[in-house]
Amino acid sequence: MTLAHPLANRLVPAATVLAAALVLASCSPAATSSDTSTDAGTPVTGGTLVYASGDAEPTCLDPHVGGNYPQALVASQYLETLYTKDADGKLIPWLAEDSTVSDDGLTRTVKIRDGIKFTDGTALDAAAVKTNFEHLLNPETASSTGYLALGKIDSMDAVDATTLELKLKTPDNSLLESFSMPWVAIESPTALKRTQAENCASPVGTGPFKVESWKKQDSVNLVRNADYVLPVSTAAHAGTAYLDAITWRFIPEAATRYAALQAGEVQVIDNAQPDAIAAAGKVSTIKHLDAPRPGASNRIELNSSKAPFNDAKVREAFIHAVNVKASIDSLFFGTAPQSFSALSSVEPLAYSEESLFGYDAAKAGKLLDAAGWSNRDSEGYRVKDGTRLSLTFPVSTSQSIPAEQSLFEQMQATAKESGIEIKINLLDLSSWYGDLAKNDYDLVSAPYTKVGPSVLSVLFSSASTIPAPSGYFANHSQVKDPALDALLETAGSTKDEAERKDLYTQVQKKVLEGYYVLPLYDQQNHFLYSDKLKNVGATTAVATPTFFDTWLAN
Amino acid sequence: MSASAAATNRSHGSFGASVRWLLRKLGGGIFVLWAVATAIFFGIRMIPGDPAEAILGGPGSQASPEALAAARAQYGLDLPLHVQYFGQLWRLATGNMGTSYSLKIPVTDVLRELVPSTLILAVLALLLAWAMALVLAVLSTRSGGLGTALASGLEIVSAAVPHFWLASVLIMVFSTALGWLPPVSTNTPAGLVLPVITLALPLAGFLGQVMRDTMEEAQRSAFALSARARGESETGVLLRHSLRHAALPGIALSGWALGSLLSGAVVVESIFARPGLGRSLLSAVTTRDIPLVTGVALLSAASYVVIMALSDIAERLVDPRISAP
Amino acid sequence: MSILEPALPSVDPVLNPHTARKARPGGTFARQIAAHIPWVVSTAVLLFFVLAAIAPNLLAPVDPLAINPSEAFSAPGAGHLLGTDESGRDIYSRIVHGSRASLLIGAAATGIGLSLALVLGTIAGFGGRWLDFGVGRILEVLFALPGLLLALVFIALAGPGVATTVIAVGLTTAPGYARMIRAQIIALRTSPMVEAATVLGRSRTRILTTHILPNALAPIAVLATLGLGQAILWAASLSFLGLGAPPPAPEWGTMLSAGRTYLVLAWWMTLFPGLAIVLVAAAATVLSRSLKSRGPR
Amino acid sequence: MSAGEPVLRVENLNVSFGGRNVVSGVSFTVHPGECLALVGESGSGKSVTARSLIGLAGPGSLVQVETLDVAGRDARNVSQRSWRAIRGKHVGLILQDALTSLDPLRKIGKEIDDALRIHSGLSGAQRAARVMELLDTVGLDDPIRRAAQRSGELSGGMRQRALIASAIAWDPQLVIADEPTTALDATIAASVMARLGELRQTGSGMLLISHDLATVANVADSIAVMQAGRIVERGPKEQVLNDPQHPYTRALLAAVPAGKPRFTRLSPAVDTPATSSHQPAKIVSAQSELASPGEVAAQGEAADVVLPVLSARGLCKSFPLAGKANFRAVHSVDFELLPGRTLGVVGESGSGKTTTARIALGLIKPDAGDVRLFGEPWSAVPESGRRSRRSSLGAIYQDPLSSFDPRLSTGSLLADALSSGATRNPRSHSKRINELLEMVGLEQDVAARNPARLSGGQRQRLAIARALAPDPRVLICDEPVSALDVSIQAQVLDLLDELQQRLGLSYLFISHDLSVIRHMSDDVLVMRSGEVVESGATEAVFTAPQHQYTRELLAAAPPLLRGR
């Protein structure tokens with residue numbers, strides 16, 4: 001049953017070089033509303049955490065295979081990455097000691113941390129990492145996310161036990177950000193030698209928990225990794241996880257999920273719906289963790305490749321014709337601040353331009369008249385040389401939560417007043433991708449998770465309009481602007497952080513001012529949990545919660 | 001054909017007849033399975049979308065051409081259609097349902113996992129529905145006009161309630177508001193209550209309607225009169241005569257009931273987050289998991305065939321008037 | 001052939017001694033009145049919704065699509081009789097305006113199911129042994145596939161939308177009807193009525209068209225009324241699976257599944273559309289049952 | 001119980017349903033060993049009376065009675081509980097057609113055992129023994145096997161016996177038998193009736209309810225005739241039968257066809273003109289007047305020979321029965337139906353009468369042999385070849401209503417028949433329709449009504465009218481009066497007679513009822529299990545039956561019929 005939230009977020013690391021100068025100045029923390037430090041009392045060891053996921057059950061627990069957000073969510077418990085982000089959102093080495101890049105940016109050397117063992121006893125070393133990368137790049141693995149994240153790697157060489165040398169086809173300055181994503185997590189090379197079926201069922205990593213069993217269509221059982229070694233000491237605690245085990249259940253129905261949390265059957269639920277969050281706000285025993293995903297903001301993309309949106313005026317008119325603010329306020333109960341940026345608010349380089357996105361029917365009207373859509377038909381829709389101003393809007397019932405669908409409906413209603421028709425088609429995921437591949441859309445909302453601003457080149461470079469064999473492409477607004485491409489190019493390769501920031505800002509300006517996208521809010525990633533659960537809030541670079549520090553009060 | 005003639009048949013058509021009957025049922029069953037397999041095979045292939053993608057982590061995957069090719073080769077999707085078809089039939093004939101695209105494990109294993117939980121659900125629901133229907137029927141016949149009106153009203157309404165709505169309401173009341181029963185269904189007694197009720201209620205509505213009709217007929221019948229004339233009490237008439245007659249249409253409907261239960265299971269298992277055939281059927285269709293869809297379809301078809309045969313036998317046991325099979 | 005001597009008296013020989021003594025003169029009359037009530041009520045209900053379908057603005061002047069975020073989730077009361085939904089749309093007016101879509105879906109689906117069934121049933125009932133056998137097998141297969149699977153596959157095949165839903169539901173309901181029509185036709189084919197027509201020298205086709213089909217259709221009409229309600233239920237289940245009518249069209253099933261999300265917050269969003277569905281389905285059932293009891297022999 | 005004291009005394013019994021009186025002021029007594037027959041036609045209230053006597057008048061019924069002594073108990077205002085104590089133990093009820101009166105889903109043994117179980121502390125073994133005993137008493141062979149069978153598996157006679165067994169389990173002082181033999185073939189009916197008669201020797205009184213004076217004649221000691229809820233005449237059997245006082249009783253007796261020669265009226269004269277006597281010559285002339293060209297030719301060749309209008313030679317037909325040998329419905333049947341005459345076919349159920357009729361009608365194809373119509377091949381030619389000639393062959397059935405299209409009004413039915421299906425608008429043929437209605441003695445206003453709203457008699461008249469619409473020469477009548485009350489039956493029979501004379505029709509007349517056949521037919525065909533056992537001129541066959549079976553049939557017929 002797929003009424004639940006995103007289950008197929010893609011991430012496609014972009015090209016071009018930059019040295020490890022990724023220590024970013026102003027970072028917004030990954031975790032917001034819930035503060036981990038305030039949980040009083042001495043941690044108790046033991047207990048089983050039951051986690052209820054609203055996502056569809058992953059088809060494979062190894063995020064190398066395929067690679068979507070649900071996989072990342074569960075894998076974050078038993079797999080670890082070379083890099084990660086700290087509580088301040090700062091990119092820090094994790095399984096890697098550190099990393100350097102040659103001046104030409106074509107050779108990256110990664111130092112692997114020593115003394116860490118996979119849960120099957122295999123030692124973590126350069127060769128192991130090499131095996132992982134090879135695994136990711138091997139077509140047989142059918143990795144879509146990791147495969148593209150490492151796309152720029154030309155060859156690898158484990159110089160010694162702890163040194164891995166990567167030769168790149170072209171410089172890639174987002175490589176370390178890519179390393180911080182669970183889809184590129186490091187698994188035991190021994191385990192990887194098994195058949196894919198086996199590895200999918202029980203991937204082996206270095207995380208605080210390990211996969212004990214997976215009852216398909218029911219639950220994944222994780223148990224504490226007794227020999228866990230924390231790669232980098234953090235504030236909270238060292239040693240092994242407090243929890244004995246985690247039971248990872250799948251409860252697609254939002255209402256059921258929340259009811260289960262209330263009934264105390266589960267301690268954590270993800271994909272919490274706005275109304276539930278609002279309701280939980282009144283309940284003292286339920287706490288809320290809001291962890292917006294990195295990468296792109298949740299936005300509507302305007303297909304500029306064909307009429308009517310090949311006319312910038314019409315795009316602008318549309319954006320003024322819909323009243324996003326009012327809808328978000330009423331539908332999201334204040335859980336989702338409106339966004340005015342192409343990037344997630346957790347992205348340090350996010351550039352926001354509120355002034356462009358006001359609801360102004362009059363202005364919309366003028367623009368449309370100017371664009372020649374001045375006549376109206378019997379139903380009050382605008383027409384231009386016989387054709388109605390009608391926008392096709394395929395909506396994936398599995399990627400857009402009910403609140404979002406309602407938001408679209410309200411946009412539909414307000415747009416009608418300006419004489420714009422919006423045809424919303426609710427589709428299952430397959431059909432939805434089908435329509436995109438057929439370019440049979442004017443509006444679309446496709447979540448996109450990725451660490452770092454390089455997501456912009458995924459979403460807006462003309463290269464991304466070229467479909468993959470499956471017909472999938474990332475640039476749904478289909479911007480084909482050489483100037484923009486050039487900017488993205490240099491933004492991805494400049495060594496100067498300031499310049500990088502400036503260039504990416506320019507990129508975002510161009511995109512926003514070109515009215516290619518209508519930002520809505522950050523990619524919502526809300527968790528509700530029982531107050532019995534202490535020290536919840538730590539998340540990975542992609543905002544998936546980790547439960548190493550978490551303990552269950554009795 | 002007159003009843004006495006029928007009688008003589010049955011007494012004659014003893015062993016030979018039952019063997020013939022069995023063979024006929026068997027043949028029919030095999031035909032149905034073949035047809036279902038064929039229908040699904042071609043039906044699903046008409047659905048837009050490349051199965052190879054379904055194999056590679058579902059829709060929208062940016063699987064590389066190599067990966068797609070590899071997958072096609074691995075699952076024999078590159079072969080000409082007729083080859084695939086007959087290959088498929090042969091595999092099915094040899095009890096091999098292939099490997100689920102989405103779960104990456106043999107379909108037979110998936111089914112083995114799921115059948116029990118759905119079976120428990122369906123059987124309990126069927127029993128409950130039967131019980132409710134009978135109770136309603138009895139109450140209404142015993143308590144004259146008003147009772148009848150009430151019962152039939154109850155039946156008609158419950159037959160008109162959509163599963164998913166009922167489920168949501170039950171959760172709201174018994175889990176959220178009262179906190180008596182878990183919203184997530186497990187195979188514990190408490191965990192089964194809500195889903196079973198959800199499935200049973202509408203079914204009971206239908207069964208109740210037909211059962212009460214026959215029961216009232218029986219109550220009015222000449223044999224009921226002679227029973228009363230024998231000094232039989234009303235309860236006696238009900239238990240010894242009417243109930244039996246009321247059971248007949250229920251039995252006859254059980255094949256249909258199975259189908260509706262399975263359809264209901266799709267919704268119920270999803271809402272109560274209960275692993276089962278219905279739920280995986282839904283996901284299988286949405287993810288274009290051809291082997292799994294085929295598996296579930298075949299399974300349900302097979303069980304339909306079996307149920308029909310069983311209800312056939314049951315009917316004949318209860319009602320000798322039905323001529324020999 | 002035994003002699004049908006009218007031994008049982010014309011008075012209804014129901015033998016329920018409880019009422020036997022209690023009964024007052026005129027009791028049966030009262031019972032007759034009582035017997036009419038459900039039929040009257042159900043007809044009224046259906047008429048209301050039919051009227052709603054034909055002239056919604058008569059019953060609900062408020063625009064069912066007019067959104068008003070500031071009034072979202074307002075409970076039933078003076079302003080909004082049955083409250084508002086997440087977009088501040090008036091639920092009463094949406095139900096009224098929605099009855100067109102829902103009834104159409106129900107009617108069209110039933111129509112499709114019936115006409116498909118009529119073809120199959122006629123072929124089976126009148127086409128001789130082999131055709132009958134063939135159709136019988138087809139029906140068996142259709143029966144063996146769970147209805148929802150049929151619908152799901154079909155929708156996946158043709159893409160969601162009202163039309164698809166209608167056809168899907170029609171498909172899933174057809175075999176049931178077909179089986180009954182077949183039985184009906186076979187019963188009629190061997191009836192004295194047809195024999196008499198043959199003796200009067202009527203041709204097979206003439207008998208089929210002038211006697212069998214018309215008489216077979218009478219009970220089918222009863223079925224259809226029943227089917228209407230069931231078809232609406234089916235459609236609702238499909239909208240629950242997110243495969244219903246596209247927004248913003250107010251359709252009960254869609255409203256219902258939308259409201260489900262806010263069950264805790266705004267019960268009225270589910271209760272009333274659900275009630276509408278139940279009312280229509282139930283009314284249809286009652287009507288068809290009383291039609292059946294009224295029907296000719 | 002002293003022999004003098006009556007086992008049943010009813011005084012001034014009134015039963016009403018919703019204010020409508022169905023039984024009024026009924027009084028009678030039944031003494032031990034006495035058999036009182038309550039005779040009346042459908043709706044006369046006899047069955048309601050019977051049921052009121054054991055507190056089973058039915059819902060909505062209001063039962064008022066001055067005296068009601070059942071088996072020595074005052075049964076007025078007794079509770080249901082104490083009623084139950086009486087029913088089955090002191091009073092036994094036997095209903096018509098045990099197929100429906102015994103639960104088809106339960107074993108005979110159980111049904112009989114119920115009566116014992118309910119009333120006694122008898123041990124299981126004792127009861128089982130008693131069941132066997134009872135089955136034996138009512139003359140069922142192989143009781144052990146029978147006890148294990150269900151009513152559906154027994155023949156009509158056995159069933160009825162079993163039902164009787166279940167009613168007399170306790171040797172009740174009073175046995176109420178409501179149409180106990182109506183559903184049975186004559187021979188079996190006779191033996192069952194005899195069995196009932198024997199019950200009285202055990203001293204129990206019997207109330208025998210029947211629509212047919214004849215049936216009760218040889219068992220009853222006294223007879224009460226009911227009409228419209230009242231007892232119009234009551235007295236010893238001989239007196240009521242031989243010297244009836246009340247006109248209704250006389251009408252009933254007159255209506256019995258038994259022993260009434262051919263063409264004598266059975267019903268009091270009705271508006272339609274009736275011809276008194278029968279002159280064959282007239283028929284022949286009528287015949288030649290109305291003769292079809294083919295026949296004229298035929299007669300031209302052999303004027304002295306009267307060519308049969310309908311003839312059958314060596315008809316054979318068997319039907320496949322599931323999983324076993326075919327059922328031989330008709331075997332080598334020959335007959336000749338001569339113009340203007342009536343060929344009666346008599347036999348018990350399963351004797352192949354109806355199959356013969358349907359073959360003659362060209363509805364089913366014989367396996368062997370052939371039927372000729374006016375000397376030309378009939379059963380041999382394909383339906384398409386028959387269609388044009390069907391107008392000369394009509395048929396009427398036992399249940400006319402089921403042979404009408406329920407959607408058509410009387411008028412439309414006739415219009416449809418008259419226009420050979422071209423139209424159903426009565427106005428188009430109003431003249432002929434009125435003629436037809438008049439011919440069968442139906443009011444013209446009937447044309448607007450739906451057949452379902454007509455009485456049984458009217459329906460059969462309508463059926464006849466429709467059959468006559470295409471001016472047939474031959475009418476095949478399959479049990480045309482079996483479903484009718486005796487007085488109605490009389491009217492219909494008279495009508496058929498009269499029509500035959502007016503139109504020179506030839507009848508193939510099928511009935512299980514000897515007296516009807518004897519009254520109606522010139523020649524007769526006695527059938528048994530598919531074969532013709534005896535045939536010839538009616539009187540000859542009936543006065544000097546050659547075949548054993550014919551004698552049995554005659555013997556089985558109640559004495560009143562034989563009373564010549």
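Modeller: Ala255(A), Thr256(A), Ala259(A) and Gln262(A) in α7(A) meet Ser168(B), Ile171(B), Ser175(B) and Thr176(B) in α8(B). Here, two residues are in contact if their C-beta atoms, placed from the backbone, lie within 7 Å. By class, this contact has three nonpolar, five polar and no charged residues. Ala, Val, Leu, Ile, Met, Phe, Trp, Tyr, Cys and Pro count as nonpolar, Asp, Glu, Lys and Arg as charged, and the others, Gly among them, as polar.

This is a predicted model: local features need pLDDT of at least 70, side-chain atom pairs count only at pLDDT 80 or more, and totals for chains, interfaces and linings use all residues. Residues are numbered from 1 along each chain as its sequence is written, while chains are lettered from A and ligands numbered from 1 in the order in which they are written.

Now the geometry. Two packed helices are described by the angle between their axes and the distance between the axes. Axes are lines fitted to C-alpha atoms, for helices over the stretch in contact, and angles run from 0 to 180 degrees between N-to-C directions.

Step back to chain A. Its secondary structure comes to 16 helices and 23 strands. Helices (H or I, at least four residues) and strands (E, at least two) are DSSP runs, numbered from the N terminus. The C-alpha trace of chain A spans about 75 × 60 × 40 Å along its principal axes. With 554 residues, a compact globule would have a radius of gyration near 24 Å, and the 23 Å of chain A agrees. That radius is taken over C-alpha atoms, and the globule rule is 2.2 Å times the number of residues to the power 0.38. Of the contacts in chain A with a separation of 6 or more, 74% are between residues 24 or more positions apart.

Chain B also touches chain C. That contact takes 38 residues from chain C and 40 residues from chain B. On the side of chain C, the largest share, eight residues, comes from α11(C). The residues on that side divide into 26 nonpolar, eight polar and four charged.

Chain D shows sheets. Six strands form an open sheet in the order β7-β8-β9-β3-β10-β11 (chain D), with mixed pairing. Two strands pair if DSSP finds at least two bridges between them. β7 (91–94) and β11 (230–236) of chain D stand at the edges, each with a single partner strand, so one side of each is left without a neighbour in the sheet. Strand β10 (residues 222–227) of chain D and β11(D) pair in the antiparallel sense over six bridges. Within them, Ser222(D) stands opposite Pro236(D).

Another six strands form an open, mixed sheet in the order β17-β18-β19-β14-β20-β21 (chain D). Five bridges join β14 (residues 342–347) to β19 (residues 506–511) of chain D, and these strands run parallel. Val346(D) stands opposite Ser511(D) in β19(D). Helix α14 (residues 353–360) of chain D packs on the sheet, and its direction makes about 150° with that of β19(D).
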